[in-house]
Amino acid sequence: MIIEKLDLQTPDMVNANFEKLAELFPNCVTETANGKAIDFDTLKQELSHAVIEGNKERYRLEWPGKREAIVTANLPTTKTLRPLREDSVDFDNTENIYIEGDNLEVLKLLQESYLGKIKMIYIDPPYNTGKDFVYKDNFTGDKETELFESGQKDEYNQRLVVNTETAGRYHSDWLTMMYPRLKLARNLLTDDGVIFISIDDNEVDNLKRVCGEIFGDLNFISTFIWQNKKGGGNDAKYTAIEHEYVVMFSKSKDMLPKLFEAFDEEYAKRYKEEDEDGRFFWDTFKRKSGKQYYPIECPDGTIVEFDEEGNPVSWLRSQERFLSDKAKGEIKFTKKEDGWSIMFKQRLPDGKKPRSLIVDKGTTSSGSSELLDLFKKDVFSNPKPVTLIEYLIGIHLNNNDTVLDFFSGSGTTAHALYNHLMNDEKIKANYILVQLPENLEENLKTASSGEKRVLENGIELLSELKVPFTIPELAKERIRRAAKKIKQETNAEIDYGFRVYRLADSNMQDVYYKPQDYKQVAMDLFADNVKPDRTADDLLAQVMLDWGLPLSLKIEQISIDCKKVFKVAENSLYACFEKGINEEFAKAIAKDAPLRIVFRDNGFTNDTAKTNVKQLLKQLSPETEMKVI
């Protein structure tokens, strides 16, 4: 009996695309020195009604490194996420996720668990101002290219380098960094999902063009202009820049519902009455600016058609709509000394249309003030204000939705979601934040004088907390403090916790993936194919990712036949990584009829027990899918 093993690596998108093309166009498959390949000249002809005679010029975005960017997005990864319970808040129950690591690798790991499940993405990537960092991605997958000589890491052993304006590939390096991340991010969006991207003048044009290629030009929604500053700017060389942009694209505009920004309570106050159709107030049906003219008969037979000066009265709506509303009880007549007052139910609309100009939604200064309120000192440079992100969240996020931020920086998105949920407890939503663990001490070496003061403040704070000097440590502390403050001030019943994961190499020994590279003598050294420093929590996270289960699912630890078993989302997944798995244990666990169950390959008492456990589960719980690692 064959027992299936979990792959424990992300899908190979190149192979998947090859197989799809080969199935559709078998005549385009050819052989090369490196094996089978697609004959693209033949494929071009298959996709055209006209004769293809060679390359033709066409409108598209090109830059040096674009092909590398495409390869980078498609390469699989064997990395995993290791849970950090000690850094988390309410780990087993929370649905919020915070991930430390390179967002490119993390996005690949999320492809199966969150494919088509993210309603909203907000990111605040490097603006490419000539002073900030960009990622240097390893598109070949060769470990040797991670060395300094290849440019994979800088002199501080980091994957970030300053992209100066004098660099020969100034715009190209930025595009090469953004392309694969946006390509992978699109896969995660729901069909009616949207992405918001903060940017400034340096790359807004290139950003719109690369997003147009990835999401489709037809799915462009808007380029919001956000007023990020007020006053000052006298030291500017030419003009005082008081704005940035937020570029918005949808996954599929055809699936996108109408968008509304949330009303504030001050506006909604006048809608005091409520019936089965919602909140409303009685408003006058007469309109000076109206263009609907017709007579209205009042309850006593009086006809209202002209005002006291003899001018025709204009009404808000057409006569047909008026008669329909009247029949439904939406019209009210009130007798007064000078005649009749005709009123209608002015209902609270779903919201007002978002404006392309975003004003009074916070500035970079207010973003700093929000952090100053939490930390009593500046620990982040130019953080986005909570009010801006909360405003964007209010445009499209609904109940049970997930928001993703994979350039999460100071953690503003988590803070903004807490605020949003605090103000509307009917809605339940969760976040996934991803941030590279940039070292603050190393950043000091290239920082300007103003940035150095902020970095030194952050290092001083982290020193007091006795944690590593990295951006995620600051962000996690910001989220904890924001949650505590909101809970103390409002006592709102929302999910204040978050699970922390850290990107790491696979939990499995190399022989697990490349047994052909090892002789039998060497393989005997790997009797246990799990690395010795990895825990059951580590293995569970990798199994959930490989099996396509969201990391936010509720996790319980139970005991079955004196063995620790992880129970994920009721009976969605059972995982037991202990030794001594036998037939008695299989009988005990089969009573719960889990949908999936996973064991360690060397966890069985012997090979016979492994086969018998598989057979018993097939008999006693036929719906259970069993795999091993």
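Modeller: A residue counts as buried when its relative accessible area is under 20%. The model is predicted. Thr 94 belongs to the loop that runs between strand S3 (80–83) and strand S4 (97–100). Its side chain has a partner: a polar contact at 3.0 Å joins it to the side chain of Asp 495.

Pro 76 lies in the loop between helix H3 (66–74) and S3. Pro 76 is at 30% relative accessibility, so it is classed as partly exposed.

For burial on the scale of a whole element, go to helix H16 (residues 536–546). Of its 11 residues, 10 are buried, so the helix is largely enclosed by the rest of the structure. The buried set includes three aspartates, Asp 537, Asp 538 and Asp 546. Leu 539, Leu 540, Val 543, Met 544 and Leu 545 are also among the buried residues of H16. Just after H16 comes Gly 548, with a positive phi of about 75°.

Positive phi turns up elsewhere too. Most residues other than glycine have a negative phi. Asn 400 has a phi near 65°, a positive value in a residue other than glycine. Asn 400 sits in the loop between helix H10 (386–396) and strand S20 (401–405). Its relative accessible area is 56%, so Asn 400 is exposed. Asp 561 is another case, with phi near 55°. The loop holding Asp 561 lies between strand S23 (555–560) and strand S24 (563–568). Asp 561 counts as partly exposed because its relative accessibility is 39%.

Now the rings. The whole structure holds 19 aromatic pairs. One of them joins Tyr 267 and Tyr 271: the centres are 6.0 Å apart, the planes make an angle of 35°, and the pair is tilted. The two partners fall in separate accessibility classes. Tyr 267 is partly exposed at 34% relative accessibility, whereas Tyr 271 is buried at 4%. Tyr 267 has a further neighbour. Arg 270 lies over its face, 5.4 Å from the ring centre.

The charged end of Lys 345 sits over the ring of Phe 280, at 4.7 Å from the centre. Rings also gather in a group: Phe 285, Tyr 294, Trp 315, Phe 322 and Phe 344 make up one aromatic cluster.

Finish at the surface. Ile 225, Leu 357 and Val 359 form a nonpolar patch there, and together they have about 240 Å² of accessible area. Leu 357 is part of strand S19 (residues 357–358). Its relative accessibility is 54%, so Leu 357 counts as exposed.

Notes. Residues are numbered from 1 along each chain as its sequence is written. This is a predicted model: local features need pLDDT of at least 70, side-chain atom pairs count only at pLDDT 80 or more; totals for chains, interfaces and linings use all residues. Side-chain values use heavy atoms; hydrogens and water are left out. Patches are made of residues with over 30% relative accessible area and no salt bridge: like charges are joined within 9 Å, nonpolar side chains (Val, Leu, Ile, Met, Phe, Trp, Tyr) within 5 Å. Accessible areas come from the Shrake-Rupley method with a 1.4 Å probe; for residues, only the protein chains shown count as cover. A salt bridge is a side-chain nitrogen of Lys or Arg within 4 Å of a carboxyl oxygen of Asp or Glu. Helices (H or I, at least four residues) and strands (E, at least two) are DSSP runs, numbered from the N terminus. Buried means under 20% relative accessible area, exposed over 50%, partly exposed in between (1.4 Å probe, protein chains only). Rings of Phe, Tyr and Trp (its six-membered ring) pair if their centres lie within 6.5 Å; planes under 30 degrees apart count as stacked, over 60 as edge-to-face and the rest as tilted. A charge sits over a ring if NZ of Lys or CZ of Arg is within 6 Å of the ring centre and within 35 degrees of the ring normal. A polar contact is a pair of N or O atoms within 3.5 Å; within protein, one must be able to donate a hydrogen and the other to accept it, and residues adjacent in sequence count only if both atoms are side-chain atoms.
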